[in-house]
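Here is a short briefing on one protein model and its ligand. The points below go by topic.

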Amino acid sequence: MNAVRFQVADTVVVLTVEYPPVNALSAAVRAGLGQALAAARDDPAVAAVVIMGGGSTFIAGADITEFGTEKSKALPSLSDLQETLEAFPKPTVAAIHGTALGGGFELALTCHARVAAASAKVGLPEVNLGILPGAGGTQRPPRLVGAATAIDLITSGRHVGAAEACTLGMIDAVIDGLPDEAIAFARDLAARGELPQPVILRDDKVAGTDPEVFAAARRTTAKKARGKIAPMAVIDCIEAACTLPPAEGLAFETRKFRELYASDQRAALMHYFFAEREARRVPGLAAQPRTIRSAAVIGAGTMGGGIAMVFANAGIPVHLADISEEALARGLGTIRKNYETSVCRGSLAQDKADQALALISTATDYADFAQADIVVEAAFERMDIKRDIFTRLDAVMRPGAVLATNTSSLDIDEIAAATSRPGDVVGVHFFSPANVMKLQENIRGKLTSDETVATVMALGKTLGKNVVLARNCDGFIGNRMLQYYTGEAEFLLEQGATPEQIDRVAEQFGMPMGPIAMRDMSGLDVAMMVREARRATLPPGERFSPVVERLVERGRLGMKAGKGFYQYEGRNRRPDPETIEIIEQVSRDPGIERRNFTDEEIEFRLFAPLVNEGSKELEDGTAMRAGDIDVAWVNGYGFPAHKGGPMFWGEKVGLARIHEAAVEAAQRNGPRWGPGKVLERLAREGKGWADA
Ligand code: T1G
């Protein structure tokens with residue numbers, strides 16, 4: 001089957017790429033385009049060509065499923081097609097709807113003109129895959145929009161709306177109807193007789209670019225990149241576009257592309273791309289999701305308010321409920337402030353903020369939202385309070401409504417048991433701030449129905465979240481592992497590492513904030529409270545480091561108290577010698593020997609226990625796939641995607657080393673730190689998670 005449909009509209013040929021799901025530039029599509037373009041070029045009756053995508057989108061890039069396969073080398077290559085287009089003797093117009101991304105937009109940049117539907121988006125998101133736009137995508141855009149704008153667009157990989165793209169000069173016009181208006185546009189170009197200059201030959205936007213543009217970009221991008229190498233390579237390429245002749249700039253770009261393609265970060269980010277999509281699938285789940293057109297959120301605190309914003313931002317009317325009008329006024333006040341901040345920052349248009357806010361109403365009576373399709377409870381983390389709320393919801397909510405809890409660790413089955421419809425009860429765990437963090441961790445209870453699971457899994461996409469499905473257990477996928485990461489950080493303090501060293505290593509690794517500083521931010525008293533609740537579940541021979549308790553006893557509650565592990569001026573932290581004295585005393589009491597640690601030792605000690613606990617989650621079915629754990633940690637805890645997630649990282653460093661570290665940790669910290677059976681087997685057999 002030819003992947004490119006060839007249609008004639010009078011003197012204009014329309015080439016439609018039909019290669020579901022996203023018309024990626026596979027070998028078949030490239031071959032089809034090559035043949036069709038040759039036919040159109042050589043047919044004297046043809047005056048112009050329009051290229052468009054079939055289905056919901058234009059071309060969403062090179063076919064990344066062909067990477068590393070023979071098909072990716074099949075001719076014509078993308079650059080062959082681009083050479084054909086740039087030398088094409090008749091006008092060519094790229095007609096864009098849906099998304100034109102990566103190689104798809106690079107192909108469009110070699111057409112004589114680009115037109116797009118108002119709802120379309122264009123972009124060069126290759127940095128999200130650990131590469132760069134290697135088909136002239138760093139050489140042509142600067143010639144349309146200038147170096148600084150090109151750097152912003154390509155180092156961020158963001159998708160640009162048609163109106164903005166037109167204002168910037170990335171496309172030539174926003175049109176209403178495809179293909180008709182695109183055909184008319186092409187016909188006009190043909191009638192004008194003169195072909196626009198190929199983008200690659202335009203240099204008015206790049207000549208004489210101030211070198212400070214690149215120096216400044218390197219400074220800001222290095223901070224934002226948190227160790228990602230692709231964005232820095234993009235800046236080098238755009239600098240080359242502004243300082244070298246086109247052919248040399250393209251060659252420079254190809255070299256950089258190949259370097260990145262061979263990098264570990266590319267492998268990690270590609271793994272992550274597919275893991276994110278795989279995580280949406282629940283093998284064997286045939287049930288159809290229920291439709292969610294209305295929602296309610298119980299609890300107008302920070303989490304509840306953020307969750308209400310998530311529904312409103314997705315266009316779903318939502319009731320925000322709480323016990324008093326005062327509490328609701330406070331909650332709504334915070335929501336309004338959040339929208340004002342986003343508008344001020346320019347990350348949200350005023351009309352969008354107004355539209356969302358208009359979808360949020362308040363209630364103190366559950367009857368006001370009894371007809372809602374889903375209700376998410378986000379009240380205080382106490383079982384008795386949650387069970388009381390679910391008993392009341394059970395009494396008023398319409399049959400078929402999904403009853404969800406945003407608990408971050410409590411037992412879903414125990415909450416469900418407070419109702420007569422446990423099949424409709426499910427965990428939907430958002431991360432703070434809910435309107436920002438991308439993870440939606442869904443938790444299936446023993447009696448949660450397939451339909452309820454299918455509903456909350458599909459809901460994630462509607463809400464713009466990345467979903468994972470966990471089986472009910474203490475802490476689910478994420479928090480269950482988190483305690484080993486923060487716990488090991490505290491044991492390292494006892495043994496001589498300093499808070500600064502531990503946080504620096506974690507942040508150099510790519511974490512947004514180190515575990516010690518994270519403790520200070522969320523409050524040491526909160527950590528102690530969670531710990532006390534968990535202490536009862538500890539098996540004999542286990543212990544927590546008492547460092548946090550010692551600090552709390554001295555009123556060092558963390559950032560909110562101006563001191564915790566660090567001293568604080570506002571949000572700025574600085575080391576505090578008194579903390580070291582307190583920690584040294586904690587070590588002296590049980591006679592723990594203190595020593596210096598290398599950064600490598602600390603890095604491995606911090607992250608290896610995560611992998612070990614992740615392997616136990618695969619073993620007991622809390623997580624279905626190692627990739628799901630990676631998606632949870634990248635989106636919920638800021639684990640660097642360019643490391644692939646903890647499980648991908650663990651496989652990379654070697655499961656035998658992870659196993660060895662777990663054996664040592666069990667001797668040091670207690671039996672629950674020991675290796676699971678799955679890890680033991682995989683380490684012994686030299687296998688990976690695919691064999692778990
Ligand atoms: N190649 C192959 N398959 C792709 C694909 C691609 N480029 N993009 C998406 N898919 C699959 C995806 O795996 C999923 O499959 C299905 O399509 C639907 O995707 C030289 C070398 C386009 C915005 O980085 O951002 O060009 O799971 O679930 O939410 O410079 O997909 O159903 O089996 O994400 O509607 C650059 C990546 C490539 C764009 C649609 N392009 N894709 O989002 O659907 S590198 C990209 C996306 C490149 C050149 C270089 C999104 C989307 P399955 P989906 P969606």
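A crossover is right-handed if, with the strands pointing away from the viewer, the path from the first strand over the helix to the second runs clockwise. That term applies here: β3, helix α2 (residues 78-86) and β4 make a right-handed β-α-β unit. The model is predicted.

**Ligand shell**

- The ligand is surrounded by 26 residues. G103, E106, E126, R277 and R280 are the closest.
- By class, 14 residues of the shell are nonpolar, five are polar and seven are charged.
- A nitrogen atom of the ligand sits 2.9 Å from a backbone N or O atom of A60.
- A62 places a polar backbone atom 2.9 Å from an oxygen atom of the ligand.
- G103 brings a backbone N or O atom to 2.8 Å from an oxygen atom of the ligand.
- On its own, the ligand has 990 Å² of accessible area, and the protein covers 77% of that.
- The most come from α11, with three residues.

- Strand β4 spans residues 92-96 and is mostly covered. Five of its five residues are buried.
- How do the side chains of β4 divide by direction? T92, A94 and I96 point one way, while V93 and A95 point the other way. All of them are buried.
- Strand β3 (residues 48-53) pairs with β4 in the parallel sense, over four bridges. M52 has A95 of β4 as its bridge partner.
- Strand β6 (residues 113-117) also pairs with β4, in the parallel sense and over four bridges. Here I96 stands opposite A116 of β6.
- β4 therefore has two parallel partners to track in the viewer, β3 and β6, with "buried" meaning under 20% relative accessible area.

**A buried loop residue: I131**

- I131 is found in the loop between β7 (121-123) and α4 (141-145).
- Is I131 buried or exposed? Its relative accessibility is 3%, so I131 counts as buried.
- I131 and M270 are 139 residues apart in sequence. Their C-alpha atoms are 9.7 Å apart in space.

**An exposed helix residue: R588**

- R588 belongs to helix α23 (residues 577-588).
- R588 counts as exposed because its relative accessibility is 52%, and the cut-off for exposed is over 50%.
- The side chain of R588 makes a polar contact with the side chain of Q585, at 2.7 Å.
- R588 and A31 are 557 residues apart along the chain. Their C-alpha atoms are separated by 72 Å.

**Backbone geometry to check**

- Most residues other than glycine have a negative phi, and most peptide bonds are trans. The next points depart from that pattern.
- L75 and P76 are joined by a cis peptide bond, with omega about 0°. P76 lies in the loop between β3 and α2.
- A cis peptide bond also runs from S432 to P433, with omega near -5°. P433 is in the loop between β15 (425-430) and β16 (439-444).
- D10 is not a glycine, yet its phi is positive, at about 60°. D10 lies in the loop between β1 (4-9) and β2 (12-17). With 60% relative accessibility, D10 counts as exposed.
- R226 is not a glycine either, and its phi is positive, at about 45°. R226 lies in the loop between α8 (212-225) and α9 (230-243). How accessible is R226? At 34% relative accessibility, R226 counts as partly exposed.

Key: Residues are numbered from 1 along each chain as its sequence is written. This is a predicted model: local features need pLDDT of at least 70, side-chain atom pairs count only at pLDDT 80 or more; totals for chains, interfaces and linings use all residues. Side-chain values use heavy atoms; hydrogens and water are left out. A residue is near a molecule or strand if one of its heavy atoms lies within 4 Å of it. A polar contact is a pair of N or O atoms within 3.5 Å; within protein, one must be able to donate a hydrogen and the other to accept it, and residues adjacent in sequence count only if both atoms are side-chain atoms. Accessible areas come from the Shrake-Rupley method with a 1.4 Å probe; for residues, only the protein chains shown count as cover. Ala, Val, Leu, Ile, Met, Phe, Trp, Tyr, Cys and Pro count as nonpolar, Asp, Glu, Lys and Arg as charged, and the others, Gly among them, as polar. Buried means under 20% relative accessible area, exposed over 50%, partly exposed in between (1.4 Å probe, protein chains only). Two strands pair if DSSP finds at least two bridges between them.
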